[in-house]
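Here is a short briefing to read alongside the sequence and the 3D view. Please keep both open as you go through the topics.

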Amino acid sequence: MQDERRKLEARMRQENRLPPGQSATFKFPVLHYGPVPEVDLETWTFRTLGLVDEEKNWTWKEFLELPTTSVTCDVHCVTTWSKFGTNWEGVSFKSLVELAGVKPEAQYVLVHAEYGYTANLPLDVMLDDDVLLAYKYEGEYLEPDHGFPLRTLVPSRYFWKSVKWVRAVEFLDADKPGFWEKAGYHNEADPWKEQRHVRRTGW
Ligand SMILES: Nc1nc2c(c(=O)[nH]1)N[C@H]1C(S)=C(S)[C@@H](COP(=O)(O)O)O[C@H]1N2
Ligand SMILES: [Mo]
């Protein structure tokens, strides 16, 4: 196992897919703050709000009718594990932005989850082709632990920016820190720049 891991890391390094300070995992670690929500798909809704022409709500059934995209990517957790070649399916964030009627003043996105978890990113990052509102992982609906029924997927950033149990997306003209960002995690979270935490100055 250890050998397999070293081999994979060597290959990923060669392909420029292993960011600094990261190690490969074959498992799919579960990481979050707080409990796993119990979700009733009959009453579940997904909302778009903020700088939009009008607020919209989707039921689960309506959400499933939206056009789908599949993305294969690597994910990098700030706690230093990376998982390579994961496959996801869902609605591209780009198409959601069109459906939501986002106003031109919108420049930032705050993603809201159950129990108040949030994560913030600039809208231009969220408009990358590989950003999804994902509901399937490796061809199956998400496990409760991994965000059932819906999570965001933002492959270019540390995985805390990929919000599990998403309930709403808010469009803003000014940046607003999310859950971990308020706790001192780096606002940008680019794994290639090792933007893990805010560097403390002073002593
Ligand atoms: N709603 C919610 N989403 C969350 C978190 C959380 O605590 N709550 N943790 C984040 C962190 S730190 C990581 S590493 C990933 C882990 O996703 P996984 O459990 O599917 O591996 O979820 C992210 N999304
Ligand atoms: Mo994480």
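Helices (H or I, at least four residues) and strands (E, at least two) are DSSP runs, numbered from the N terminus. This is a predicted model, in which local features need pLDDT of at least 70 and side-chain atom pairs count only at pLDDT 80 or more, while totals for chains, interfaces and linings use all residues. Residues are numbered from 1 along each chain as its sequence is written, chains are lettered from A and ligands numbered from 1 in the order in which they are written, and side-chain values use heavy atoms, with hydrogens and water left out.

**The largest pocket**

- A pocket here is an open set of points on a 1 Å grid over the protein atoms alone, where a 1.4 Å probe fits and protein lies on both sides within 12 Å along at least five of seven lines.
- The largest pocket holds about 430 Å³ of space, a volume being the space filled by probe spheres set on the points, which are joined across faces, edges and corners.
- Its lining is made up of 26 residues, and the closest to the centre are Leu-31, His-32, Tyr-33, Tyr-117 and Trp-180; lining residues have an atom within 4 Å of a point.
- By class, 18 of the lining residues are nonpolar, 5 are polar and 3 are charged.
- For these classes, Ala, Val, Leu, Ile, Met, Phe, Trp, Tyr, Cys and Pro count as nonpolar, Asp, Glu, Lys and Arg as charged, and the others, Gly among them, as polar.

**Aromatic rings**

- Rings of Phe, Tyr and Trp (its six-membered ring) pair if their centres lie within 6.5 Å, with planes under 30 degrees apart called stacked, over 60 edge-to-face and the rest tilted.
- The count by this rule is 20 aromatic pairs.
- Phe-28 and Trp-88 form an edge-to-face pair, because their ring centres are 6.2 Å apart and their planes stand at 85 degrees.
- This pair links distant parts of the chain, 60 residues apart: Phe-28 is in the loop between strand 1 (23-24) and strand 2 (45-50), and Trp-88 is in strand 5 (residues 81-92).
- Phe-28 is buried at 18% relative accessibility, and Trp-88 is buried at 0%; buried means under 20% relative accessible area, exposed over 50% and partly exposed in between (1.4 Å probe, protein chains only).
- Tyr-158 and Trp-160 are a stacked pair, since their ring centres are 5.9 Å apart and their planes lie at 15 degrees; both residues are buried.
- Ring pairs also join Tyr-33, Tyr-117, Tyr-158, Trp-160, Phe-179, Trp-180 and Tyr-185 into a cluster.
- Lys-136 sits over the face of Tyr-141, 4.9 Å from the ring centre; the rule asks for NZ of Lys or CZ of Arg within 6 Å of the ring centre and within 35 degrees of the ring normal.

**Backbone features**

- A cis peptide bond, with omega of about 5 degrees, joins Phe-148 and Pro-149.
- Pro-149 belongs to the loop between strand 9 (140-141) and strand 10.
- Leu-150 is in the loop between strand 9 and strand 10 as well, and Leu-150 counts as buried at 0% relative accessibility.
- Asn-16 has a positive phi, near 55 degrees, in a residue other than glycine.
- Asn-16 lies in the loop between helix 1 (2-14) and strand 1 and is exposed, at 61% relative accessibility.
- Tyr-115 is not a glycine either, yet has a positive phi of about 60 degrees.
- You can find Tyr-115 in the loop between strand 6 (108-113) and strand 7 (118-122), exposed at 57% relative accessibility.
- In helix 3 (residues 93-100), the residues Phe-93, Ser-95, Leu-96, Val-97 and Ala-100 are buried.

**Cysteines**

- How many disulfides does the structure hold? There are 0, with a disulfide taken as a pair of cysteine sulfur atoms within 2.5 Å.
- The closest cysteine sulfur to that of Cys-73 is in Cys-77, and at 14 Å it is too far for a bond.
- Cys-73 is buried with a relative accessible area of 8%, and Cys-77 is buried with 5%.
- Leu-150 and Cys-73 are 77 residues apart along the chain, and their C-alpha atoms are separated by 17 Å.

**A serine in a loop**

- Ser-156 lies in the loop between strand 10 (151-153) and strand 11 (166-172), where Ser-156 is partly exposed at 25% relative accessibility.
- Ser-156 and Asp-129 are 27 residues apart in sequence and 11 Å apart in space, C-alpha to C-alpha.
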